[in-house]
Structure formats: structure tokens, C-alpha cells
Amino acid sequence: MDGGASDVAQGEKAVTLEALREKMAEFARERDWEQFHSPRNLLLALVGEVGELSEIFQWKGEVPKGLPGWDEGEKVHLGEELADVLLYLVRLSDMCGIDLGQAALRKMGLNAIKYPVHQCKGSSNKHTHYGSTGAEEPSNGAL
């Protein structure tokens with residue numbers, strides 16, 4: 001999902017999810033790709049991109065924050081794969097009619113209830129370790 005040269009100059013403020021959503025919609029429309037952007041197809045493309053992202057870390061062992069020892073080319077490649085994942089996620093949410101930013105904020109609120117600071121600080125235990133918090137969701141995934 002290569003969008004070509006960036007319209008955002010180095011040093012500009014952060015890009016919003018809405019700006020990405022609009023750019024992705026325009027990108028697909030210009031190429032007449034909307035016909036291929038069903039939720040299923042976008043999800044499968046997203047999974048493929050997550051696989052490519054995973055390959056970068058495969059066999060590296062634990063990687064410290066900041067990626068010490070990685071050369072610039074590896075970091076650029078990582079950025080490209082992270083961008084592919086983000087772009088497909090933004091496009092998938094758009095095609096499903098989900099406001100991704102609002103969904104993420106809602107999920108963070110639920111996680112704050114599920115993982116109270118006074119019980120969870122410094123622990124990697126799953127929420128079920130702390131007992132029921134009354135914020136159970138219909139899904140069964142972590143976070």
C-alpha cells in the first residue's frame with residue numbers, strides 16, 4: 001500500500017486519523033479500487049501486512065525500546081510496514097463505518113476499568129487475575 005511521496009513535511013504536527021481516512025479514500029477512488037475494498041479483503045490485506053511486520057522482528061530476540069543496534073535502513077523498513085498496518089486498519093474501519101479514534105478511546109476507558117492502577121501497576125497479569133470488574137465485554141481477547 002504505497003502512497004508515494006508524503007504531503008506532510010518533516011517537522012509538521014501529527015497527522016489525524018481523519019486525515020489518513022480521507023487520503024486513503026481518495027487514493028482508492030483515484031485508482032478505482034473501492035470495488036476491491038470490502039471489509040473481508042481489507043482484513044486479509046491487514047493480516048498480510050502484520051505478517052510482514054512480524055518478519056522484521058522474527059529471530060531478533062527481545063528488542064529494547066529505541067531499537068539500539070538497528071541501522072537506519074532497518075528502521076525505515078519498520079516504519080513502512082507499521083504504516084501499511086495503520087493504513088489498512090484505517091481503511092478497514094472506514095469501510096465498516098467505525099470511527100476508529102472514538103473506538104480506541106472507548107476501549108482505553110474500558111481497559112482502565114478492567115486494569116485498575118492500584119491492582120495492576122507493574123504487573124503483566126491478565127484482567128481475569130484481578131477478578132470481575134463489571135466491565136466485561138462480549139469479546140474474549142486481551143485488551
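Trainee: Hi! Phenylalanine 27: buried or exposed?
Mentor: Phenylalanine 27 is buried, with a relative accessibility of 12%. Buried means under 20% relative accessible area, exposed over 50%, and partly exposed in between, using a 1.4 Å probe and protein chains only.

Trainee: And what am I looking at here, before we go on?
Mentor: This is a predicted model, in which local features need pLDDT of at least 70 and side-chain atom pairs count only at pLDDT 80 or more, while totals for chains, interfaces and linings use all residues. Residues are numbered from 1 along each chain as its sequence is written, and side-chain values use heavy atoms, with hydrogens and water left out.

Trainee: Back to rings. How many aromatic pairs does the structure hold?
Mentor: Two. In one, the ring centres of phenylalanine 27 and tryptophan 33 are 5.6 Å apart with the planes at 75°, so the pair is edge-to-face. Rings of Phe, Tyr and Trp (its six-membered ring) pair if their centres lie within 6.5 Å; planes under 30 degrees apart are stacked, over 60 edge-to-face, and the rest tilted.

Trainee: How exposed is tryptophan 33?
Mentor: Tryptophan 33 is partly exposed, at 37%.

Trainee: Which residues make the tilted pair?
Mentor: Phenylalanine 57 and tryptophan 70, at 5.4 Å centre to centre and 45° between the planes. Phenylalanine 57 lies in helix α2 and tryptophan 70 in the loop between α2 and α3, so this pair ties together parts 13 residues apart in sequence. Helices here are DSSP runs (H or I, at least four residues; strands are E, at least two), numbered from the N terminus.

Trainee: What sits over the ring of phenylalanine 27?
Mentor: The charged end of arginine 31, 3.6 Å from the ring centre. Arginine 31 also lies over the face of tryptophan 33, at 6.0 Å from that ring centre. To count, NZ of Lys or CZ of Arg must be within 6 Å of the ring centre and within 35 degrees of the ring normal.

Trainee: New topic. Where is leucine 92 found?
Mentor: Leucine 92 is in helix α3, residues 72–95, and counts as buried at 14% relative accessibility. Beyond its neighbours within four places in sequence, leucine 92 is in contact (heavy atoms within 4.5 Å) with Pro39, Leu42, Leu43 and Leu46.

Trainee: Which helices do the buried residues of α3 pack against?
Mentor: They pack against α1 (17–30), α2 and α4 (100–114).

Trainee: Last one: which way does phi go at tryptophan 59, positive or negative?
Mentor: Positive, about 70°, although tryptophan 59 is not a glycine. Most residues other than glycine have a negative phi. Tryptophan 59 is exposed, at 78%.
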